[in-house]
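Subject: Structure for you to look at

Hello,

Here is the structure I said I would pass on. My notes on it follow below.

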Amino acid sequence: MSTSVRLESRIPFNFDSLSRSRKQMSPEETRTVRMFLRWEMIDKFKALEHYEHVLESWTITISLFNLPAFNKSKSFAVYLERKAEPNTTNILAKLFEAKKRVYVPSYAFHGLEMIRVRTLKEVQKLREDRRGKTELSRRKREEALSNKGGLDMIIMPGIAFTRSGRRMGSGKCLMFDYVMKARRQGWPILVGLAYKHQVVEDFPPAAKDLKLDYVLDSVHADHFEDYEERLAKLEAKYKPLNESR
């Protein structure tokens, strides 16, 4: 009954004030505020015109192409967008053209996997099998973490992001769990792609919020903390390979 009341009461909420008040929030208040933020993101997306989706997605894509880490990386995990997420088709096309190793999400019984794809045609087949559940999808494809080199970059969507790099996911924690597994093999650079309305001043934290290296929207390209050090490690990782060619 209480859920029904909340669903009918979408009052505006000042998320920018959270930095001053979140320390006093109870777990129930935290869940409620995060739920309101998810609603707010859905409402703002619905208010966008189609051309705004296209324009923002393209601007975000160009920002990603201009990142030094994007051009230096060799192996990528890239999400396949859903309705309220920036489009990744041009990103995938660029990676295939550059002969990079590309992996996309597949949802197995034990959680999220990233499976190898080599062409946009393969990607389209997986889009048609939206959740990648068929045995054929998984059995015949290389999983990213089966490769000793692991992943250099993981490109992900989210419900909301902060300018300091925190990401709020859908609540299922699939991406968090996958990143933790990926970090056993290395330290992939984490990039969040966001429509500009998805970047907020703050939101109450949860235990499995990811801290990203980059948040890209159509206005800003922000990077955080030890990114430069990790970029240097990435360069060192591939320098011997480049010198041997």
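In which sense do E1 and strand E4 (residues 153-156) pair, and over how many bridges? The two strands are parallel and share 3 bridges. Phe76 is placed opposite Met153 of E4. Before going further, note that this is a predicted model.

Strand E1 covers residues 75-78.

Next, the helices. H6 packs against H7 at an angle of about 145°, and their axes are 10 Å apart. On the H6 side the contact is made by Thr89, Leu92, Ala93 and Phe96; on the H7 side it is made by Leu120, Val123 and Arg127. By type, the residues of this contact are 5 nonpolar, 1 polar and 1 charged.

Helix H7 itself spans residues 120-128, and its buried residues are Val123, Leu126 and Arg127. Why do they lie on the same side of H7? They do so because they cover an arc of only 105° around the axis. As background, an α-helix has 3.6 residues a turn, so residues three or four places apart point the same way. On the other side of H7 the exposed residues are Lys121, Lys125 and Glu128.

There is also an open sheet of 4 strands, in the order E8-E5-E6-E9, and its pairing is mixed. The edge strands are E8 (199-200) and E9 (210-211), each of which pairs on one side only. Strand E6 (residues 166-168) runs antiparallel to E9, and 2 bridges join them. In this pair Arg166 stands opposite Lys211 of E9. Helix H3 (residues 27-46) packs on the sheet and touches E5 (160-162), E6 and E8. The direction of H3 makes about 80° with that of E6.

Regards

Key. Residues numbered from 1 in each chain as written. Predicted model: local features only at pLDDT ≥ 70, side-chain atom pairs only at ≥ 80, totals over all residues. Heavy atoms only, no water. Buried < 20%, exposed > 50% of the residue type's maximum accessible area, 1.4 Å probe, protein only. Pairing = 2+ DSSP bridges. Arc of directions from axis to C-beta. Axes fitted to C-alpha atoms, helices over the stretch in contact; angles between N-to-C directions. Contact = heavy atoms within 4.5 Å. Nonpolar A, V, L, I, M, F, W, Y, C, P; charged D, E, K, R; others polar.
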